[in-house]
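Please keep the sequence and the 3D view at hand while reading.

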Amino acid sequence: MRVFVDLNWFFKKHWRAYASGIAVLAVVSFLSLIPPRVIGEVVDGIADASLTPSALVNAVGLILGIAVVLYILRFLWRLLIFGTSLKLARQIRFDLYRHFTNMPASFYHKRTTGDLMAVSTNDVRAVQATAGEGVLTIVDACLLGGMVVVTMAVSISWQLTFITLLPLPFMALLTSYYGKLLHRRFAGAQAAFSVLNNTVQESIGGMKVTKAFGREQEEVSRFAKTSAHVVEKNMAVARVDALFDPTITIVIGSCYLLAVAVGSLFVADGAMTIGQLTSFFVYLGLLIWPMLAIGMFFNVVERGHASYDRIRAVLNEKSDIIEREQALDLDIQGELDVRIDAFRYSPDGANVLENVHFHLPKGGTLGIVGRTGSGKTTLLSLLQRTIDVTEGDILLDGHSVRAYQLSCIKDAFGLVPQEHFLFSATIAENVAFAKPEASIAEIVAVCKLAQVHEDILRFPAGYDTIVGERGVTLSGGQKQRISIARTLLSDPTLLVLDDALSAVDAKTEEAILQALQTEKRERTIIMTAHRLSAISHASLILVLEDGKVSQSGTHAELMQQGGWYKEMYERQQLESAVEQGGNE
Ligand SMILES: Nc1ncnc2c1ncn2[C@@H]1O[C@H](COP(=O)(O)OP(=O)(O)OP(=O)(O)O)[C@@H](O)[C@H]1O
């Protein structure tokens, strides 16, 4: 029941639609009461032989007329109540999606994709049912149930009504107990579904790896186990589900039994006519639905309650990147002053970066190199404020990154990530992702800069070629260059390339870097790379070792200094020469 209080904001917002729906339901309930009474009068007319043909025609006409009106009204309340509940689903999905887009990377480390998908689909559906079927069942049960009981008591016999309905409190107690049981079990079933969803997502995503290692059978067993767990949890829910109907049927049966036994005595005593008893039975028949509705209500509402708790748990997770009040709304020019004393991912974890201090003027190029795991990507994340420095600060144009509005930083930076992702859309649409209004000339220009234009022209559909899951398979290098073009189109002041040239050959890499250098735009470029030739032209190169700057300077300075950079550079040059020799 508490879920109704939790959803009060929605009911308040759409009270008109709900009030109209409930009013229509009330009329439906009232009209449903007329036919039993008419039937009772007809039966009495037959019993005392007073029924005339015209009275019979009138009675049949009245019942048919009511049936037609009920048909229309039932359509109307469905539209008003169920239609409005769809709006709740839309609102929650929208809130979830907006929340997802605002959450930092740490949120996605904690929550799996399958879990978030389950919350956005299954749980939203369960909450929607609360605002639809939940409202209907409780309103109908109270309105129709109440009216029928009052009519039975007032127009036929309150004594017989009282005796007949004696089993009802047992039903109320049992269904409320089942509801509580269902709440717990349904929450468990939804959590199991999240795990299943994630397993499906990972299994399909990792199918190539599974096949490459010949682990199909093991994966099938793992999947079967997860699936069996979901079945087990849902069976637990189904066992409670299955208790509702038999309980209600027994209660209804007991009511009928009491009505027959006591009602017959009343007729035999002359306290009631046979027609009134017939009407009483028809009214009792009308009570079957409200009783079932009460059972359904507890069922639907407890599911909705469990699901809404899961949705709120996701929505209540706060981003650790907080925008200050009255944050700066400035056009960032691209000068960097980095004063990181320490950074660690968790308060009790080890420092991932330590004493990283450097200055990069506007329009400069920074190359960050180092062994894998030395902290390159972490440094990039700190610069873009997707995570916050633990000790120290990062200044952009002289102001702390924490002082800016988050949108200013997002607008200033353009990232080409290590793991590129293309949507199932055309190449042109993928490139224009951050600027959908871009002209084809603009799209072609950035694709030329990223050295992918020629490749695209080779596809039969050119820029209209569909890529992504449902489209053509692009090579790693083509995907990387399309990702670069996409970022360039957003025209960032600070371009961040996180090992973004790893899948292109040395010649193409050189051409892309040349093109970026000769661009008219004064852009600050920050790149990480494993192939040192990619950053050799940078105005400042940092060598990271276990999160500390072990060397810094220009290529020439570092070559003079000796150490890791010189060693690695010479080794890579040698490897490349050997490779080229081998290819000739
Ligand atoms: N979200 C995270 N939570 C906790 N530790 C992390 C997280 N991301 C990275 N790390 C750890 O921080 C260290 C630096 O990782 P980072 O990805 O910055 O290195 P890198 O130099 O970019 O590596 P690579 O060259 O392989 O991309 C690693 O030890 C890594 O395990």
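Predicted model: local features only at pLDDT ≥ 70, side-chain atom pairs only at ≥ 80, totals over all residues.

Residues are numbered from 1 along each chain as its sequence is written. The protein chain has 20 helices and ten strands, where helices (H or I, at least four residues) and strands (E, at least two) are DSSP runs numbered from the N terminus.

**Overall form**

- The protein chain has a radius of gyration of 36 Å, whereas a compact globule of 584 residues would have one near 25 Å; the radius is taken over C-alpha atoms, and the globule rule is 2.2 Å times the number of residues to the power 0.38.
- Along the principal axes, the C-alpha atoms of the protein chain fill a box of roughly 120 × 55 × 50 Å.
- The protein chain is divided into domain 1 (7–315) and domain 2 (336–583), with bounds that come from an automatic or database domain assignment.
- The C-alpha centres of domain 1 and domain 2 are 56 Å apart.
- Of the 584 residues in the protein chain, 35% are buried; a residue is buried if 20 or more other C-beta atoms lie within 10 Å of its own, exposed if 12 or fewer, and partly exposed in between, with C-beta atoms placed from the backbone.
- Among contacts between residues at least 6 apart in sequence, 80% join residues at least 24 apart, a contact being a pair whose C-beta atoms, placed from the backbone, lie within 7 Å.

**Annotated regions**

- An unreviewed UniProt entry gives "domain: ABC transmembrane type-1" for residues 21–303; UniProt positions are given in the numbering used here, feature names are shortened, and annotations may be inferred rather than shown by experiment.
- Residues 21–303 are 92% helix and 0% strand, and their end C-alpha atoms are 23 Å apart.
- Under "transmembrane region", the unreviewed UniProt entry lists five spans: 56–77, 135–154, 160–178, 243–268 and 280–301.
- The span 135–154 is 100% helix and 0% strand, with its end C-alpha atoms 28 Å apart.
- The span 160–178 is 84% helix and 0% strand, with 29 Å between its end C-alpha atoms.

**Around the ligand**

- The residues surrounding the ligand include His109, Tyr345, Val352 and Lys376, where a residue counts as near if its C-beta atom, placed from the backbone, lies within 6 Å.
- Helix α12 (residues 376–383) gives the most to this shell, with three residues.
- The shell divides into two nonpolar, eight polar and one charged residue; Ala, Val, Leu, Ile, Met, Phe, Trp, Tyr, Cys and Pro count as nonpolar, Asp, Glu, Lys and Arg as charged, and the others, Gly among them, as polar.

**Single residues**

- Ile525 lies in strand β8 and is buried because 24 other C-beta atoms lie within 10 Å.
- Leaving aside neighbours within four places in sequence, Ile525 is in contact with Thr365, Leu495 and Leu516.
- Ala529, in the loop between β8 (524–528) and β9 (540–545), is buried, with 21 other C-beta atoms within 10 Å.
- Beyond residues up to four places away in sequence, Ala529 touches residues including Gly367, Val369 and Asp499.
- Thr554 lies in the loop between β10 (548–553) and α19 (555–561) and counts as partly exposed because it has 15 C-beta neighbours inside 10 Å.

Terms used. Contact = placed C-beta atoms within 7 Å.
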